[in-house]
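Biologist: I am new to this structure. Could we go through it by question and answer?

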Amino acid sequence: MLSRALEGFMSRKGLYGAFWIIGIFMVTVLIYFTANLAKEVPPLPQIVKSQSGELLYTYDDIVKGKGDFQQFGLMDYGSMLGMGAYLGPDFTTEFMHKRAEFLYDFFGVKHYGKPSAELSAAERGAVKELTKADFNAVVMSEEQIVYSDASALAYKANRDYLIKFLVEGDHERAWRGGVIKPEEASRIAAFVDWSQMVASSKRPGTDRTWSNNWPKEPMIDQDVTWASHNITLWEWLLLWPATILVIYLAYEYLIKENDDSKEKLEEPLKITSIFPSQEKLLKYVPIVALFSLLQLILGGYLAHIYADPTDHFLISQDILPFNVVRQLHLNLAIVWVAVGWLVGGLLIAPIVAGKDLRFPRLVDVLWVALLIVGGGGLIGIYLGSMGYLRETWFWFGSEGREFLELGRVWDIGLLVGLVFWFGMVYSTIRKAKNDVLVGTII
Ligand code: HEM
């Protein structure tokens with residue numbers, strides 16, 4: 001009975017059934033967790049103030065600071081809550097660590113009359129507990145967040161440090177300065193400080209922070225929880241055996257069967273003549289080649305700055321700062337890979353259909369559109385991050401989300417181009433559904 005059930009499952013029908021059931025289950029789980037994510041979002045307070053009533057920053061500062069953080073491409077220099085580039089600091093960790101250091105010194109001086117470096121081990125232990133208590137006293141809420149006066153002072157020291165760093169720059173750390181204004185840097189400090197609270201204050205009713213103790217701060221005995229390690233470990237351990245199992249089953253029960261039935265592989269595709277629309281595709285090739293070459297050169301430039309952040313590589317870092325070049329590096333890849341795919345589709349569609357596109361000129365139109373979107377997007381990233389598009393950065397400059405830097409207008413342009421392309425390909429192959437060539441190529 002069991003062997004019959006197993007046999008049924010291992011049939012082509014059974015495996016396809018399993019594929020759909022598992023697929024639907026996984027997507028349902030994904031939707032469930034995504035829907036629940038809304039509950040996990042840390043609150044944005046209306047105000048953050050000190051215990052003695054001093055206003056430190058507001059909701060607007062945090063939100064505008066986030067915008068400034070994006071506008072100037074800071075995520076392509078350092079990271080936020082662990083996500084971003086690795087040349088600069090993790091801004092969240094830096095603020096949290098500096099706050100802890102500040103509090104160690106503050107309590108050291110207050111209780112023992114000396115800074116943390118001069119404390120004995122026992123005194124340092126006591127100071128650590130006071131610091132932990134100070135961190136744990138912060139409760140994030142949508143109304144207001146109250147810092148102890150000590151943490152308020154720590155915030156102000158952090159803010160002053162970040163304003164100086166962002167505005168004046170630090171050549172040793174490959175941050176050139178000279179673009180961000182002090183008031184913008186001050187708002188960025190509010191946003192970074194909020195992220196620091198996300199990483200350091202506990203979710204009500206739990207013993208973990210809003211970011212599940214990531215990034216961790218050993219000075220306040222904070223570490224990633226066992227559950228995070230456990231889940232990651234099992235995901236990692238199961239991924240490979242499960243992948244191997246799927247490949248094995250697919251080969252044994254789906255592909256090999258074809259071998260047994262002596263089904264011959266089709267002849268490889270040979271292109272002996274080309275349609276007018278395909279000829280027009282030739283002009284895409286230099287664009288793809290140019291963009292990918294440029295990407296590789298810029299990758300080399302980035303690697304060079306990693307190796308020696310103080311040096312210049314052919315062009316001054318003042319003209320080509322690391323964060324701007326990293327954005328161009330990522331987005332050039334997105335553009336040339338996307339254009340390459342489009343060319344592939346447009347090359348194959350007429351072969352599948354056995355006839356050319358209805359309007360071959362559209363290939364030229366798409367080429368011009370892609371050139372405008374790709375070129376405009378890349379120029380926008382440069383101008384936006386360099387501070388030349390302060391009013392319109394989101395639409396035309398750099399959106400500032402790692403991997404999604406192209407300004408919104410260029411994003412929409414790319415999407416329209418893709419839909420346009422889909423229409424061109426689909427309208428060409430639609431009628432070829434029963435054509436024998438479809439079987440040859442797909
Ligand atoms: C000469 C070849 C290349 C060099 C030297 C190079 C160098 C670099 C460097 C230094 C970074 C910054 C790492 C960081 O701070 O996060 C980077 C990031 C990246 N590069 Fe390249 N790259 C090269 C080619 C490519 C190619 C061909 C692609 C894709 C088509 C690519 C895609 C990426 C991506 C996606 C990132 C972001 C990685 C992340 O943040 O996780 N790179 N590259």
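Modeller: A term comes before the questions: buried means under 20% relative accessible area, exposed means over 50%, and partly exposed is in between. Keep in mind that this is a predicted model.

Biologist: Is arginine 326 buried or exposed?

Modeller: The cut-off for buried is under 20% relative accessible area. Arginine 326 has a relative accessible area of 14%, so this residue is buried.

Biologist: Which parts of the chain does the pair of aspartate 76 and arginine 326 tie together?

Modeller: The two side chains meet in a salt bridge, 2.7 Å from N to O. Aspartate 76 lies in the loop between helix H3 (59–71) and strand S3 (79–80), and arginine 326 lies in helix H11, so the pair ties together parts 250 residues apart in sequence. Aspartate 76 has 0% relative accessibility and therefore counts as buried. The parts tied together are the loop between H3 and S3, and helix H11.

Biologist: How many residues apart in sequence are the parts tied together by glutamate 54 and lysine 156?

Modeller: Side chains of glutamate 54 and lysine 156 form a salt bridge of 2.9 Å, N to O. Glutamate 54 is in the loop between strand S1 (47–50) and strand S2 (55–58), while lysine 156 is in helix H6 (residues 149–168), so the parts are 102 residues apart.

Biologist: Which helix supplies the largest share of the lining of the largest cavity?

Modeller: The largest cavity has a volume of about 70 Å³. Helix H10 (284–307), helix H11 (322–353) and helix H12 (361–385) each supply at least two residues of its lining. By class, the lining has 8 nonpolar, 1 polar and no charged residues. The largest share, 4 residues, comes from H12.

Biologist: What is the accessible area of the nonpolar patch that includes Leu239?

Modeller: Leucine 239 lies in helix H8 (residues 226–260). Leucine 239 is partly exposed, with a relative accessible area of 43%. The surface patch also includes Trp234, Trp236 and Ile244, among others, and its residues together have an accessible area of about 890 Å².

How values were computed:
Residues numbered from 1 in each chain as written. Predicted model: local features only at pLDDT ≥ 70, side-chain atom pairs only at ≥ 80, totals over all residues. Heavy atoms only, no water. Patch = residues over 30% accessible without salt bridge, like charges linked within 9 Å, V, L, I, M, F, W, Y side chains within 5 Å. Areas by Shrake-Rupley, 256 points an atom, 1.4 Å probe, with all protein chains shown as cover. Salt bridge = Lys/Arg side-chain N within 4 Å of Asp/Glu carboxyl O. Buried < 20%, exposed > 50% of the residue type's maximum accessible area, 1.4 Å probe, protein only. 1 Å grid on protein atoms, 1.4 Å probe; cavity = no way out; pocket = protein on both sides within 12 Å on 5 of 7 lines; lining within 4 Å. Points joined across faces, edges and corners; volume = space filled by probe spheres on them. Nonpolar A, V, L, I, M, F, W, Y, C, P; charged D, E, K, R; others polar.
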